[in-house]
2 protein chains.
Amino acid sequence: MNVEIITIGDELITGHTVDTNAAFIGKNLTAIGLNVRYRSSVGDSVEAMEEAFHLALKRAQLIIATGGLGPTDDDLTKRAIVKVFKRNLVFHEDILEDLKRRYRDRGIEMPAINQNQALLPQGARFFPNRIGSAVGIGIEEKGKIFIGLPGVPIEMRQILIDEVIPYLKALKLAGSTQVIVIRTTGIVESKLAEIIAPGLKLETGVRLAYLPSYSGVDLRIIASAENDTGARERAQNLARYLEKVCGPHVYGRDNDRLETVVGDLLRDNDKTLCVAESCTGGQLGQLVTSVSGSSAYFVGGLVAYANEIKIELLGVPSEILQQHGAVSEECAIAMARGARGSFGTDFALSITGTAGPEGGTDDKPVGTTYIGLASPHANYARRFRFGKDREMNRSRATYAALEMLRREILDIK
Amino acid sequence: MNVEIITIGDELITGHTVDTNAAFIGKNLTAIGLNVRYRSSVGDSVEAMEEAFHLALKRAQLIIATGGLGPTDDDLTKRAIVKVFKRNLVFHEDILEDLKRRYRDRGIEMPAINQNQALLPQGARFFPNRIGSAVGIGIEEKGKIFIGLPGVPIEMRQILIDEVIPYLKALKLAGSTQVIVIRTTGIVESKLAEIIAPGLKLETGVRLAYLPSYSGVDLRIIASAENDTGARERAQNLARYLEKVCGPHVYGRDNDRLETVVGDLLRDNDKTLCVAESCTGGQLGQLVTSVSGSSAYFVGGLVAYANEIKIELLGVPSEILQQHGAVSEECAIAMARGARGSFGTDFALSITGTAGPEGGTDDKPVGTTYIGLASPHANYARRFRFGKDREMNRSRATYAALEMLRREILDIK
């Protein structure tokens, strides 16, 4: 069964908003074995939507559209649905009552504009929205399924996961595709390819993609077969090969994130962590604490942006700053040691670098970054040379710091 | 002139990667007055690309495709271009020489696989890539323009900005569309609509969209007219109306970001800032320092994730934690005061809350957050009630803190 995802909104085609909805939907449909084959976006225009819906109904069996279901005037999706499927809008008393009750519970009177939200195309099913006011809409016609969801990400996600996925599963639409992602870090794409290519034999129906990002390179396996067992076996065969040849560069699979992997290592070993950050300004602390339950091992951090703060609050000797500068191995080590002392943790990570775009020198061009690690056994720092982009440099430094800690805990040289 | 953006890669349709390229391209083409009308994605399959390219050549005059131009085996875009345009690949000695020279400069031998990068469709122009190995490809045929760019974001961006935009401008393809974004924060979409709707009169060719995000609600104006002056005037008329009725909720226009607006206010008033963060774990510091040059006003921050750190390093009295808990007005104020004292700044912002998903109580459910502000004149905190999603709560708290500081500096009540 071919799937098309259509995201709706001027902001998506003019690039004002990055389209995270399509990725979320694609991921979750792929995970239940559906074959997402088309993905498109249109602006807030009834004609453009009609055109996109007609094309999708021609080439896909399942269409999921998001956006344009809100109560404001630029939300036109329902009008396009009515035209394409030639159905009238019907008023649903129960939807309105539910909406009114939820406003009452919050002690607010429902804005009159929300009455529109109780109008649905004739014969459509609806998928309840527990967060916002726009319900999801489902239409089955001539062997095709069309589903319209609101575009606010948190609402779309709730409805997709709680309502739409169970509905699709009940229809037994799942095919036989298996996806496995092998996650690597600390090695570039071309080097990985040199390791992987020589012994690589791709079975029929198996595809491998290299997906580089700030956190490392993911190796994505998509395996198709006649049935689930076959697909799983093909994917697993390749996964095992990749894990063998890539060795310690692999930190996890699928939804493993480096920050959760490192967090689990800390928790399992009953160790604690603090951080001292300069150029990343708090990004390492943010990433570590993005994991729910990170308070079990993360104690805190110091953002020492100004040099005086490095001296006063982290105890970096002012001679180090004078002789070697803030972007130096010596400073990184002193920052990590200082933080470890103040916060009383087992491990401390530090980051100091020239994120850019200003501030580079011949000796230490933009992108030069030192990452320090302090532990009960050792204090050391590594020099990295990232690129010219400020955001990229900060992100790469953040992940490189976590990877240093992972290798320290696992004793990988 | 209608534009279609096509992004290529299995990872985009299966949702492994969020498609930031399409947004970047859309934004930059819209900014030069081009009408981005279609946007689609296809996987790493030559047939799917052919289908998408044919469709695009039918309905758009300018097609920009990204992805699948790398040297590895999953990069198939060139094969699809060759088939659709019925042209052979031709070897370009100069491209290979340039690539070899750049590898030499870095002291690395060029991997042999990169020789493919010197093959281009016959008659195509190329757009140099100063970062990676895949050059951009341009084909003009029968009044249509097709441009293929690599998918690595930093390479795509460099080629688009440095090469493709000037090329398009030279062709005088610019139309007459004007986009203005009015940026608001601290007020929800439906409230904004209540303020805006009563006096709103949309001129012909003018569209208004409400775009909510973590940082606030953007009001996007797209105005078209016969010529540039007309489009600009229509957009400006609406922008002035919106800025009048929305008053202090407006913090900027277009590419203004709340963090740069607040940063400029600090710099212009010669004031300094530090932060004390609990549940956000460093995100506020990260956001403030995402602005290049923020060292002029940002001194540093403390991430006090554990309660002992709040007591020991921020000087929060332990009685406050015992009596009111860490998520309290009292604690937020004490954190801000403590940080302001340690870092010696004019202002300090603090954030303490229950980001979730665990940790909520009846009294302080998940999403409850206190934001504190300390200044030479006052110390206070505000209570916020965000939602249930950890990531969302942390982001909203971060922006709400910046907005509190903006209002403090501008003396907005």
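Which side chain meets that of B:Glu259 in a salt bridge?

**View 1. The salt bridge of B:Glu259 in a predicted model.** The side chain of B:Glu259 meets that of B:Arg257 in a salt bridge (2.9 Å, N to O), the term standing for a side-chain nitrogen of Lys or Arg within 4 Å of a carboxyl oxygen of Asp or Glu. B:Glu259 is buried at 6% relative accessible area, whereas B:Arg257, at 32%, is partly exposed; buried means under 20%, exposed over 50% and partly exposed in between, with a 1.4 Å probe and protein chains only.

**View 2. A salt bridge between chains.** B:Arg39 forms a salt bridge with A:Asp19, the closest N and O atoms being 3.6 Å apart. The pair runs from strand S2 (residues 35-42) of chain B to the loop between helix H1 (10-13) and helix H2 (20-31) of chain A, where helices (H or I, at least four residues) and strands (E, at least two) are DSSP runs numbered from the N terminus. B:Arg39 is buried, with a relative accessible area of 1%, and A:Asp19 is buried as well, at 3%. A:Asp19, A:Arg39, B:Asp19 and B:Arg39 are linked in a network of salt bridges.

**View 3. A salt bridge within chain B.** B:Asp162 and B:Arg130 meet through their side chains in a salt bridge (2.9 Å, N to O). B:Asp162 is partly exposed, at 32% relative accessible area, while B:Arg130 is exposed, at 56%.

**Notes.** In this predicted model, local features need pLDDT of at least 70 and side-chain atom pairs count only at pLDDT 80 or more, while totals for chains, interfaces and linings use all residues. Residues are numbered from 1 along each chain as its sequence is written, chains are lettered from A and ligands numbered from 1 in the order in which they are written, and side-chain values use heavy atoms, leaving out hydrogens and water.
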